[in-house]
Amino acid sequence: MFYIIGSSGPEAVALSDWDKKTDCVGYVTLPEVERQEEMLQISARTLEECMFEQARYRMGLKYYDNFGFAMLKLLQIRNVEKECGYLAFFMRENLFVFVEIKDPEGFIREQFEGVLKKEGVNTSLEKVVFEFFESFLQEGNTVLEETEQIVIALERHLVEGNIEKDLNLRIFELKRQLTLQKNYYQQLSSVGAALMENENKIFWKEDIRYFKAFTDQAEGLRKNTQLLCEDLVHVREALDAALSYDLNSIMKVFTVVTTVFTPLSLIAGWYGMNFNMPELSWAYGYPMAAGLSLLVVALCLLFFKWKKLL
């Protein structure tokens, strides 16, 4: 599908009816590009890059002699675990074409159609492109706020001493998701910055401000996501400290028990030796040994209490 950008807003048109002097934006699939390769004036090399599997993971925008070309890996930011979409685009004078490489749930096409329905009179090619790219950032701030609340909840659990068994795994999964989001925003920010450069003078200079706004927004989301990643590092350190504290508490108990029983072992060993001891034939020898043991235990406990080890 192709749309010319006129004074009355986007208007559907067949590519063969486009006069090449009016701004036009298109959204097509890869087979459609192959069928209209000559009319779109796209090089065979560009098509090969679209079809090459590994190229789908490349980021950034490349400028050729008379057109620019880029590929994007698009996440569903609300759920980064869902299958990614892949979108290529190329641009030359008065023409900007999005090429759908892979759209597993149709969310990319849906965003494009939503932008066209929203645009009215006095729009421009640059604004349509800006609105489409910006649609992939719409939920970014909301998702970051929700993630921030999750991180705060994790910190509160740690402060309250509620260390869940799978807390370490939750932190790891959250860090992985934030890393995916951060790389996603970095990709969009890089593309926006490249569009701002307008190397081939494809866009009107006064409309470059749209791409600057998009780049600033993507870069802001990237920085905030990076800050959340750093907060998670602090949470992880706090978890390690809490686990170390618990381990130290356990070791302290074992140390106290060992220290208390060491003199008792000495007393038991002393009276277990085969020597002629008066206490062994004394009527009060056994109670004395028992009392001595209790006295040693009491003194040890008082000592640890005085040293605030208990």
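1. Basis. The model is predicted, so local features are given only at pLDDT of at least 70 and side-chain atom pairs only at pLDDT 80 or more, while totals for chains, interfaces and linings use all residues. Residues are numbered from 1 along each chain as its sequence is written, and side-chain values use heavy atoms, without hydrogens and water.

2. Seven strands make up an open sheet of mixed pairing, in the order 2-1-3-7-6-5-4. Strand 2 (9–13) and strand 4 (61–63) are at the edges with a single partner strand each, so one side of each has no neighbour in the sheet. On average, neighbouring strands are turned by 20° against each other, direction ignored. Helices (H or I, at least four residues) and strands (E, at least two) are DSSP runs numbered from the N terminus; two strands pair if DSSP finds at least two bridges between them.

3. Strands 1 and 2. Strand 1 (residues 2–6) runs antiparallel to strand 2, and five bridges join them. F2 has V13 of strand 2 as its bridge partner.

4. Strand 6 and its neighbours. Strand 6 pairs with strand 5 in the antiparallel sense over seven bridges, with M71 opposite A88 of strand 6. Seven bridges also join strand 6 to strand 7, again antiparallel; here R92 has L95 of strand 7 as its bridge partner. The hairpin of strand 6 and strand 7 has two residues between the strands, and N94 takes a positive phi near 65° in it.

5. Burial of strand 6. Eight of the eight residues of strand 6 are buried (under 20% relative accessible area, with a 1.4 Å probe and protein chains only), so the strand is largely enclosed by the rest of the structure. In a regular strand, side chains alternate between the two faces of the sheet. From strand 6, G85, L87, F89 and M91 point one way, and Y86, A88, F90 and R92 the other way.

6. Helix 7 (residues 167–197) lies across strand 4, strand 5, strand 6 and strand 7, at about 160° to strand 5. Contact means heavy atoms within 4.5 Å. Axes are lines fitted to C-alpha atoms, for helices over the stretch in contact, and angles run from 0 to 180 degrees between N-to-C directions.

7. Largest pocket. A pocket is an open set of points on a 1 Å grid over the protein atoms alone where a 1.4 Å probe fits, with protein on both sides within 12 Å along at least five of seven lines; lining residues have an atom within 4 Å of a point. The largest pocket holds about 250 Å³ of space. Its lining includes L75, F107, E110, S135 and E139.

8. Second largest pocket. This pocket holds about 160 Å³, and its lining includes I77, R78, V143, L174 and Q181. Helix 6 (140–159) and helix 7 are the elements that give two or more residues to the lining. Helix 6 gives the largest share, four residues.

9. E230. E230 is in helix 8 (residues 208–271).

Technical notes
Points joined across faces, edges and corners; volume = space filled by probe spheres on them. Buried < 20%, exposed > 50% of the residue type's maximum accessible area, 1.4 Å probe, protein only.
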